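Please read them with the structure open.

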Amino acid sequence: MTIFNFYLFDRNGTCLYYTEWNRKKQLTMSKDEEFKLMYGMIFSIKSFASRLSPIDMKEGFLNFTTSKYKLHFFETPSGLKFILNTDLNVGGMKDVLHQIFSSLYVEYVVKNPLCELDKPITSELFKNKLDEYIRNLPQFPVKAAA
């Protein structure tokens, strides 16, 4: 199982944080273009799913699967959007994304007086804690010792 990358967007579509771990394919577009494309896709999928769903979607959409990867999504009531891309073998990551929000984002960004909430996250503490958390998940691949 593999975790590829993570995005955090505010309610206006600004990418507040991005990191990657096992992304094999590098894009030919700029990071800003990639962020706009990702946010636009999330906006469209949310709209599509809520309008065409045959049942009431209290939680909205949680993931989206392609033939190559699975996109996991969690949105807070304030409009923060947490996105994690994984391989197809990874199950639901709603609890993981909620944990990133409640235990990492709130603790190391919201409670940090040096962090501005509407600006990209530059906190090394948040970066290191997120990296440590993701690498310790059972879904993160462990390289065998040579």
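1. A term first: two strands count as paired if DSSP finds at least two bridges between them. Note also that this is a predicted model.

2. The hairpin. E1 and strand E2 (residues 15-20) form a hairpin, with 5 residues between the two strands. Gly 13 sits in the turn and has a positive phi of about 95°. The two strands run antiparallel and are joined by 5 bridges. Within this pairing, Phe 6 stands opposite Thr 19 in E2.

3. The other partner of E1 to look at is E5. E1 and E5 pair in the antiparallel sense, over 6 bridges. Here Leu 8 stands opposite Phe 82 in E5. How many residues of E1 are buried? The count is 7 of the 7, so the strand is largely enclosed by the rest of the structure.

4. Where does H2 bend? The bend is at Leu 104, by about 35°.

5. Burial of H2. Leu 104, the residue at the bend, is also one of the buried residues of H2.

6. The buried residues are Phe 126, Leu 130 and Ile 134. Seen down the axis of H3, they fall within an arc of 55°, so they line one face of the helix. The cover over them includes E1, E2, E5 and H2.

7. Salt bridges. The count comes to 6. One of them joins the side chains of Lys 46 and Glu 75, at 2.7 Å from N to O. Lys 46 lies in helix H1 (residues 31-52) and Glu 75 in strand E4, so this pair ties together parts that are 29 residues apart in sequence. Both ends are partly exposed: Lys 46 has a relative accessible area of 30%, and Glu 75 has 28%.

8. Glu 75 has a further partner. Lys 81 forms a salt bridge with Glu 75, the closest N and O atoms being 3.0 Å apart. Is Lys 81 buried or exposed? Lys 81 is buried, with a relative accessible area of 5%. The cut-off for that label is under 20%.

9. Another pair to check is Glu 107 with Lys 111. Their closest N and O atoms are 2.8 Å apart, and they form a salt bridge. Glu 107 counts as partly exposed at 38% relative accessibility. Lys 111 is exposed, with a relative accessible area of 56%.

Definitions and conventions: Residues are numbered from 1 along each chain as its sequence is written. This is a predicted model: local features need pLDDT of at least 70, side-chain atom pairs count only at pLDDT 80 or more; totals for chains, interfaces and linings use all residues. Side-chain values use heavy atoms; hydrogens and water are left out. The bend at a residue is the angle between axes fitted to the seven residues ending there and the seven starting there. Helices (H or I, at least four residues) and strands (E, at least two) are DSSP runs, numbered from the N terminus. Buried means under 20% relative accessible area, exposed over 50%, partly exposed in between (1.4 Å probe, protein chains only). A salt bridge is a side-chain nitrogen of Lys or Arg within 4 Å of a carboxyl oxygen of Asp or Glu. The arc is that of the directions from the helix axis to the C-beta atoms. Contact means heavy atoms within 4.5 Å.
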